[in-house]
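Q: I'm new to this one. Can we go through the charged pairs?
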Amino acid sequence: RPLGEYRVELTGKPNQRLEMTLSTLNGALKMQGKGIMVPRSRMNFTGEAWSDANNKAALTGLLSQMGRLEGERYKLGVF
C-alpha cells in the first residue's frame, strides 16, 4: 500500500542555486526536510522521517534504513 504523498519544492535558478523543501501531504510515513543544490557541487540536504503511532512497528525497519534514530525521529541527510 502507498506510504504517503509528498511534496518536493524547488526554488531558485537552475544554473546557479536551487533550494529544496520536502514535506508530507498525508500518509503513514512522515518526512520533512530542506536542502540546497549548487551546480558542480555536492547537494546538501537535512531532514527527518517518522511514522504515526499506528504504523510505527511496521515502518521501523524502513526508517532505520533511511537514517539514524535521534529521539523519536530518524535523521535524514545527504552532504
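Q: What do the side chains of arginine 17 and glutamate 19 meet in?
A: A salt bridge, at 3.5 Å from N to O. The term means a side-chain nitrogen of Lys or Arg within 4 Å of a carboxyl oxygen of Asp or Glu. This is a predicted model, where local features need pLDDT of at least 70, side-chain atom pairs count only at pLDDT 80 or more, and totals for chains, interfaces and linings use all residues. Residues are numbered from 1 along each chain as its sequence is written, and side-chain values use heavy atoms, with hydrogens and water left out.

Q: Why can side chains pair like that?
A: Opposite charges can pair when the charged atoms come close.

Q: How many salt bridges does the structure hold?
A: Four.

Q: Which residue does glutamate 48 form a salt bridge with?
A: Arginine 73, with the closest N and O atoms 2.6 Å apart. Glutamate 48 is in strand β4 (residues 44-51) and arginine 73 in strand β6 (residues 73-78), so the pair ties together parts 25 residues apart in sequence. Strands here are DSSP runs of E, at least two residues long, numbered from the N terminus.

Q: What is the relative accessible area of glutamate 48?
A: 23%, so glutamate 48 is partly exposed. Buried means under 20%, exposed over 50%, partly exposed in between (1.4 Å probe, protein chains only). Arginine 73 is partly exposed too, at 31%.

Q: New pair: what about arginine 68 and glutamate 70?
A: Their side chains meet in a salt bridge, 3.0 Å from N to O.

Q: Is arginine 68 buried or exposed?
A: Exposed, with a relative accessible area of 52%. Glutamate 70 counts as partly exposed, at 41%.

Note on methods:
Helices (H or I, at least four residues) and strands (E, at least two) are DSSP runs, numbered from the N terminus.
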